[in-house]
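Let me put the structure up before I jot anything down.

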There are 2 protein chains.
Amino acid sequence: MSSTQMLKGIIDGCILAIIQEKEIYGYELAEKLEQYGFDSFSEGTIYPLLIRMQKEELVTSTLKKSTAGPKRKYYSLTQKGKNELQQFMVRWDKLQNSVNHVLYK
Amino acid sequence: MSSTQMLKGIIDGCILAIIQEKEIYGYELAEKLEQYGFDSFSEGTIYPLLIRMQKEELVTSTLKKSTAGPKRKYYSLTQKGKNELQQFMVRWDKLQNSVNHVLYK
DNA sequence: GTTAATACCTTGTAATACAAGATAAAGGAC
DNA sequence: GTCCTTTATCTTGTATTACAAGGTATTAAC
């Protein structure tokens, strides 16, 4: 993943980090992102992203019954996903340094 | 500008910050970004971006002779650009907090 | 059986990072 | 004087992707 894709892909990394904590389903993830202070990540963003990440074999999913509503698709990280998260954290750190260097010199 | 566009638009803010320091032309800007640790911002990224920012009236430009090569197009911030930079810095700060909250809890 | 809440997915659009390549001007080598 | 290199800008085309908008399914409560 290039540095550019990172600029576009910050959410990806954050989602990997949240999933690593504990397995989680899309709807819950959306709520959690809002808690963490991210504005407006709609389901139109999150579901396609999760599907993409599963295609890339960063996450796996299992269906579990819900108390109310359709089955929940719980996601957890694969080893590849854990590696990707590590790499993301390095890139994020570097990006943070660069941006702060520019902004605050 | 939404939070999403920000994710994609971090470079925009950085470029505004660099231009605010002193007027600068595209080619020089590309070099400077590399100095600051950004990988690989090619001219195919930077020139369209500068043109876009001028269209949005965030920057103005004036041509000046170069010692070698075609005329340099020096960019500087408009008042609108300065405001945008301020807003970007606030959004960046918020984003940083959110991401770090997720990553390092 | 209707409503509300929960949960997932799809389609279409606009933005945009970037590679690749075109163009232009100046200076130096020969 | 013509060729090469360096400096400098711009354009075209492609792939990615955030998101709005809307659709579908399941359960509980009434």
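How much area is buried between chain A and chain B, and what share of it do carbon and sulfur atoms give? I get about 2,900 Å², with 66% from carbon and sulfur; buried area here is the accessible area (1.4 Å probe) that two parts lose on being put together, summed over both.

Before going on, I note that this is a predicted model, where local features need pLDDT of at least 70 and side-chain atom pairs count only at pLDDT 80 or more, while totals for chains, interfaces and linings use all residues. Residues are numbered from 1 along each chain as its sequence is written, chains are lettered from A and ligands numbered from 1 in the order written, and side-chain values use heavy atoms, leaving out hydrogens and water.

Next I checked which elements do the touching. On chain A's side, helix H1 (3-8), helix H2 (10-21) and helix H5 (79-104) each give two or more residues (helices are DSSP runs of H or I, at least four residues, numbered from the N terminus). H5(A) gives the most, with 14 residues.

I then counted contacts (heavy atoms within 4.5 Å): 29 residues of chain A meet 30 of chain B.

I also looked up A:Ile10. Beyond its neighbours within four places in sequence, A:Ile10 is in contact with residues of both chains, including A:Trp92, B:Ile10 and B:Val99.

Last, symmetry. A 180° rotation with 0.0 Å of shift along its axis superposes chain A on chain B, RMSD 0.1 Å (least squares on C-alpha atoms of residues with pLDDT of at least 70 in both). That is how a two-fold axis relates copies. In chain A, A:Lys8 has the C-alpha nearest the axis, at 2.4 Å.
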